[in-house]
Amino acid sequence: MSLLEARGLSKRFGGLQAVHDLSFALAEGEMLGLIGPNGAGKTTAFNLLSGFLRPDAGSVSFRGRPLVGLKPHAICRLGLARTFQLVRPFPRMTALDNVKVGALARHAHPAAAAARAAAVLERVGLAGKQGVRAAGLTLAERKRLELARALATEPTLLLLDEVMAGLNPAETETMVQLIGRIHADGVSILLIEHNMRAVMALSHRILVLSFGERIAEGPPAAIANHPKVIEAYLGEEYVGTAPA
Amino acid sequence: MRWGGLAALLVLLALPAVLSSYAVTIFILIFFYAYLGQAWNIVGGYAGQLSAGHAAFVGVGGYTAAMLSNELGLTPWVGMFAGAALAAVLGGVIGYLGFRFGLRGFYFVLLTVAFAEVGRIAASNIDALGGALGLYITFTGDPRQFQFQDNRAYYYIALALLLLATGVAWAIERRRFGAYLAAIREDEGAAEALGVDTLRYKLLAMLVSSFLTGLGGTFYAFYLFSLQPNAVFGIPMSVEIILRPIVGGAGTLLGPILGSFILTPLGELSRFYFGQSGLYGAHLIAYGLLLIGVVLFLPEGAYPRLARALARRRARP
């Protein structure tokens with residue numbers, strides 16, 4: 001049985017059909033990449049899955065449970081956590097307190113949550129930044145903090161929204177390895193990413209959105225040479241020009 | 001810190017023995033407004049939901065206890081809890097309307113002001129509540145009726161109220177509740193994504209805050225022996241409640257207390273001084289200037305700055 005299943009998801013904002021009739025499934029233990037040009041509806045899809053937006057039509061089920069109508073906090077507690085594309089750390093709180101908020105979802109006692117948060121910070125390589133206010137961290141650190149907070153809620157499935165955007169190649173490489181380790185520890189991952197090298201390296205399978213619709217789906221190698229994908233990204237005239 | 005707090009408490013307990021009657025009055029006002037500020041701090045400071053209508057809770061609490069006392073002879077020592085409970089019901093209604101329908105920032109401010117104004121207009125027009133003239137309480141000096149010949153009794157009651165509210169805020173701060181309120185204040189959406197039931201925790205904060213504020217209404221009524229709609233339900237009262245935690249440091253445990261120790265004597269002394277020289281109302285200008293200064297130079301309030309300065313001094317060898 002699949003861990004996450006979306007059926008016929010649609011969302012319209014005024015005259016814009018942001019997501020149209022989107023269906024896909026994600027198996028337990030899978031790392032699924034979600035790519036597409038800007039405005040393709042990737043983040044809207046994330047918001048539909050995580051309860052931040054209510055779909056106009058369609059359904060989502062997570063471990064066999066329907067999610068539509070549940071609020072984000074309830075979905076998080078079921079084990080589906082997300083990050084935000086534009087990171088949203090609690091700026092005036094320390095890195096440790098930021099992650100502690102996530103850990104409190106599973107450990108009601110503040111001391112236990114703090115211990116858990118410290119362990120998660122160490123795992124993402126921010127052990128030395130515990131006492132630093134989030135506003136004082138670099139972008140790369142804030143991206144890892146965002147990931148740490150979601151991870152602290154002990155999710156079964158993690159939705160990562162462009163955690164590599166804005167990072168330099170070295171930082172990207174660190175992040176790729178980190179996501180690989182989190183996945184190896186048994187967390188299923190749905191990954192929105194613009195960095196093609198990263199998404200190709202990490203994903204088992206890739207789903208391509210364009211103008212709110214699914215235009216392709218398959219293993220990374222097949223997606224890279226898929227004519228519809230090249231057309232969506234580069235325009236029609238480039239189809240067939242990619243080196244074999 | 002702990003020893004400092006204990007020493008300060010001992011001094012405050014001993015102080016009435018040596019203070020003049022006027023100084024005792026000033027301290028009563030310091031404690032009482034610090035208490036109201038601390039009650040507001042729970043929803044306005046920690047949770048960051050700016051209520052500008054907390055006067056409504058003072059009014060509902062005070063009027064309820066006074067009516068129960070005047071009409072049914074119920075002692076205010078019991079009536080104060082009835083008043084606080086009614087204030088909490090009102091807080092629950094305002095909170096539910098505001099939070100359920102996602103009113104944020106200025107819209108929430110307006111909602112709370114509107115409720116306080118409705119309370120003021122209602123109290124002014126209901127004859128059974130004394131109408132615009134207000135409600136008067138006959139002085140008997142009977143402690144069982146929350147009435148005391150000696151001002152110092154009010155001093156200790158106000159101090160006890162302040163300790164109660166500060167204890168509640170301290171307990172909230174240390175628990176998951178407190179961490180969740182801070183997360184809500186910083187970024188509600190991000191908090192929600194991390195499993196925080198933002199509606200529930202904001203409502204809880206509002207209930208606790210309005211209950212405590214309502215309790216203060218009884219003190220107000222039986223300290224002044226009268227309730228005027230314009231005074232208890234009015235916008236100036238709401239502003240007085242908010243100013244202290246903002247000047248002292250909203251969302252900090254000692255902020256409302258520090259703010260009250262700064263603002264209350266300043267307000268009283270400048271009122272006295274300017275009043276003597278015939279410049280009625282000039283104290284409000286002094287007040288306003290101080291506020292502008294705080295917003296410009298100490299946007300977090302005085303307490304965080306003070307705490308950092310003290311920490312630096314301690315760190316020095």
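Two residues count as being in contact if their C-beta atoms, placed from the backbone, lie within 7 Å; the legends below describe a predicted model.

**View 1. The fold of chain A.** The C-alpha atoms occupy a box of roughly 55 × 40 × 35 Å along the principal axes, and buried residues account for 46% of the 244 residues of chain A. The radius of gyration of chain A is 18 Å, which agrees with the value near 18 Å for a compact globule, because that is what 244 residues would give.

**View 2. The side of chain A that touches chain B.** Here 21 residues of chain A are in contact with 18 residues of chain B. Helices α2 (72-78) and α3 (95-103) of chain A each contribute at least two residues to this side, and α2(A) gives the most, with 4 residues. By residue class, the side of chain A that touches chain B divides into 11 nonpolar, 4 polar and 6 charged residues.

**View 3. The packing of α12 and α13 in chain B.** Helix α12 (residues 255-276) of chain B packs against helix α13 (residues 282-297) of chain B at an angle of about 145°, with the axes 8 Å apart, and the crossing of α12(B) and α13(B) is right-handed. From α12(B), the contact is made by Leu266(B), Gly267(B), Ser270(B), Arg271(B) and Phe274(B), while α13(B) supplies Ala282(B), His283(B), Ala286(B), Tyr287(B) and Leu290(B). The residues of this contact comprise 6 nonpolar, 3 polar and 1 charged.

How values were computed: Residues numbered from 1 in each chain as written. Chains lettered and ligands numbered in written order. Predicted model: local features only at pLDDT ≥ 70, side-chain atom pairs only at ≥ 80, totals over all residues. Rg over C-alpha atoms; globule rule 2.2 N^0.38 Å. Buried ≥ 20, exposed ≤ 12 C-beta atoms within 10 Å, placed from the backbone. Nonpolar A, V, L, I, M, F, W, Y, C, P; charged D, E, K, R; others polar. Axes fitted to C-alpha atoms, helices over the stretch in contact; angles between N-to-C directions. Left-handed = near helix turned anticlockwise from the far one by under 90°.
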